[in-house]
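Welcome! Please take a moment to look over the sequence and the 3D view below, and then we will walk through some parts of the fold together.

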Amino acid sequence: MSASPEEQERPAPRVGPEPDAEPEFQPYHHPAAGWGAAKSVTRFMAREGALVDGPRAIMKMNHENTGFDCPGCAWPDDTKGLHLDICENGIKHVTWEMTRKRVDREFFAAHSVTELSGWSDYDLENQGRLTEPMVYDPDTDHYTPVSWKDAFELVGRTLRELDSPHQASFYTSGRLGNEATFLYQLMARELGTNNLPDCSNMCHEASGRALQAALGTGKGTVDLKDWEATDALFIMGVNVASNAPRMLTALSEAYHRGAKIVHINPLVEAGATRAIIPHDFKDMATFHSTRTSTLNLQPRIGGDMALVRGMAKAILEQSDSDPKALDREFIERHTAGFEEYRARCEATPWDEIEKQSGISRADILEAARVYREADRSIVSWCLGLTQHEHGVDTVREIVNLLLLRGNLGREGAGPSPVRGHSNVQGNRTCGIDHRPAEEFLDRLAKTCGIEPPREHGLDTIGTIQAMHRGDVKVFVGMGGNFALAAPDTPYTYEALRRCDLTVQVSTKLNRSHVVHGRRALILPCLGRTEKDDQRNGVQSTSVEDSMSMVHLSVGMKRPASSHLLSEPAIVAGMARAALPGSETPWEWYIEDYDRIRDTMAQALDGFEDFNRRVRLPLGFRIKQPARELVFLTPSGRAEFSTAELPDVLPEPGMLALGTMRSHDQWNTTIYSDNDRYRGIKNLRTLVFMNQDDMRERGISKFDPVDITSTAKDGSRRHLDGYLAIPYDIPRGCAAGYMPEMNVLCALGDYSTQSDQPIMKHVKVTITPAGG
């Protein structure tokens, strides 16, 4: 499954605009958000020609059922009726979508795929919005116009001619709305496959599996009101100011009311220091910032589980003399496995905890003190914890800590994973799951009159492997940029090129359109900001945020082209062509999305009375049994886990490298070569290093270096000529930007616990260039 030597020698993908100036690095010491964000947004809107449309969109974004949901992160909408519940990255994401630039048939006639393959990823997306369906012509190496009817027929005919439905795989990015999601999984299962990979396979799969095993639910149990009531927040593996900027408001408010805020991350990010909230006009006028943390801890990459184990060990040791350190009544009534976990903590020596976490015992005890003194605590985390071999064990260790003091099933307490994309949680809720539960399949069969397949399908890693072997011949991508987001870039490229047909449903041109199968379709869809006008009028779609609130989104802007179709309409068109004898009323569904929601109300647990409840102010929250202390686990209780601490220290001479986003980036979309909060200008091909590690290797600031990763199977991958940046990061650790560094992550290096690519713990050597 590793890339061949020939494939590994291919140059890494070019990403980002070509720099116009020399790279710069100046450590950032200012508050997050505030005037820096305001200036950045204004410059960005001016560059994109959106100084009129941009402010209009801002006033319609994240409003209760009357505006469109931000297509960026999945942070919940404000519960207090805030009219400017927005952030810098959300505005950039919307402005990028509303661009006046167009990619039409004349553009494709002027540029071959071979030529476009040499363009940077920034330049591809910067061409603007796709305007009509296109099909690849291998004779001319150009995309050419195709009618929607013929495009659907090509998809349908190819799917019908497969020897098995399992030779197709249907990928979903996190931007797809609930209604399109439900139709998409229905199409795949009516075809006869559970090959439904999604971006969660690469991001939060570990969270879902851990929470399911421990609590009987794959989601967090808290909501935004809990964040407003908690006494202590532990924020782990999250770059708040860039990945979930609206969280800054919650952190600022928590600090003002006296809550303790502990950030745990190898890098002390800007959002973990202080912030100026842009909609707080008084603070903006006076440049008054608010602290967003009371304690910052920097574990080594992969050391979070050891740190949490240390906190639990400290609490258990205190309980010998302080009966109030544990919630013994909660433990006895609602948990299983406590004594085994206590024994595991006792058997874990402090020197091993310090060694694996990279944190001193004194600092761990300080974090434990904060936790012990708080009546109600929330632990929140993101990909910094999940994209590891032991991601599931780490999340379960968080649950262990919460259970010790009964921080579950009551206001202001519980686990709170931070989803990084608008509707990735809704995708999973509405059926995008390669390992569907039998109960879900039973309800789907009864409601929709189909016989869904029961065997598990392929996830993201399995799909790439199967495409490479030739076992998957058709790949359909609903949104996203699969070619660039996946690990082991050359191997993934080769896998896609071996397909008979690749289909990409997109708003803008990206790498996945020029890395394609023998036949390829680009199907352009409406954006979240645009009006979706069907036979029965303008339609709304629904999304689910990271705290299980489901609410409506309604576009406000005229579509970029009259030839665009909505995502539900594209799914229905493909389904009708692939399943000509289907009794599913595909066309009837598209006339009025309320009809889709009525079917979803019958098929999905928690969606009863969907159409009425989703139109309530802020929508409705999907029930979470664990929130009510109902645990759908084998024991009927919340279950402690007893995993041993993993050895996360790199071998001598090696470093643990984690990939991450820059601030001026959203997933694989690059807005510029700058990273304001880390003090970077005009540079993306860089690696952040500890100064002692640099000195030990004879490397100085801005020196070019060669980076070599070593996979589990011994194969190696290279990035050459990256510039070294000295940074406040623990010894033995390094960091750099995805998607450029995805080439270093071997496809075979995925977690045996979650099947996620290990993108946050890549073993590398870094040497002076040419050395």
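This is a predicted model: local features need pLDDT of at least 70, side-chain atom pairs count only at pLDDT 80 or more; totals for chains, interfaces and linings use all residues.

Here, contact means heavy atoms within 4.5 Å.

Residues are numbered from 1 along each chain as its sequence is written, and side-chain values use heavy atoms, with hydrogens and water left out.

## The cores

Buried means under 20% relative accessible area, exposed means over 50%, and partly exposed lies in between (1.4 Å probe, protein chains only). A nonpolar core is a set of buried Ala, Val, Leu, Ile, Met, Phe, Trp, Tyr and Cys residues joined through side-chain atoms within 4.5 Å. Which residues touch the most other members of the largest nonpolar core? They are Leu-159, Phe-170, Tyr-184, Leu-521, Leu-523 and Met-574, out of 62 residues in that core. There is also a second, separate core of 55 residues, and Leu-316, Val-370, Ile-398 and Leu-404 are included in it. In soluble globular proteins, nonpolar side chains tend to be buried together.

## Two helix pairs

Helices (H or I, at least four residues) and strands (E, at least two) are DSSP runs, numbered from the N terminus. Axes are lines fitted to C-alpha atoms, for helices over the stretch in contact, and angles run from 0 to 180 degrees between N-to-C directions. The table sets out two packed pairs.

| Helix pair | Angle | Axis separation |
|---|---|---|
| Helix 8 (residues 148-160) and helix 28 (residues 567-578) | about 50° | 7 Å |
| Helix 15 (residues 304-319) and helix 21 (residues 391-404) | about 20° | 9 Å |

Angles under 35 degrees count as roughly parallel, over 145 as roughly antiparallel, 65 to 115 as roughly perpendicular and the rest as oblique. Helix 8 is therefore oblique to helix 28, and helix 15 and helix 21 are roughly parallel to each other.

A crossing is left-handed if the near helix is turned anticlockwise from the far one by less than a right angle, and right-handed if clockwise. Helix 8 passes helix 28 in a right-handed crossing. Ala, Val, Leu, Ile, Met, Phe, Trp, Tyr, Cys and Pro count as nonpolar, Asp, Glu, Lys and Arg as charged, and the others, Gly among them, as polar. By these classes, the contact of helix 8 with helix 28 has nine nonpolar, two polar and two charged residues.

Helix 15, in turn, passes helix 21 in a left-handed crossing. Among the residues making this contact are Val-308, Ile-315 and Leu-316 of helix 15 and Ile-398, Leu-401 and Leu-404 of helix 21. The contact of helix 15 with helix 21 divides into nine nonpolar, one polar and four charged residues.

## Backbone details

Most residues other than glycine have a negative phi, and most peptide bonds are trans. Leu-629 has a positive phi, near 65°, and sits in the loop between strand 23 (620-621) and strand 24 (638-639). Leu-629 counts as partly exposed because its relative accessibility is 26%. Asn-682 also has a positive phi, near 60°, and is found in the loop between strand 28 (680-681) and strand 29 (686-689). With a relative accessible area of 18%, Asn-682 is buried.

Where is the cis peptide bond with omega near 5°? The bond runs from Met-738 to Pro-739, and Pro-739 is in the loop between strand 32 (733-737) and strand 33 (762-768).

## Buried or exposed?

Phe-688 is in strand 29 and is buried, with a relative accessible area of 0%. Leaving aside neighbours within four places in sequence, its contacts include Met-660, Ile-680, Ile-725 and Tyr-737. Glu-88 belongs to helix 4 (residues 88-97) and counts as buried at 8% relative accessibility. Glu-696, in helix 32 (residues 691-696), counts as exposed at 56%.
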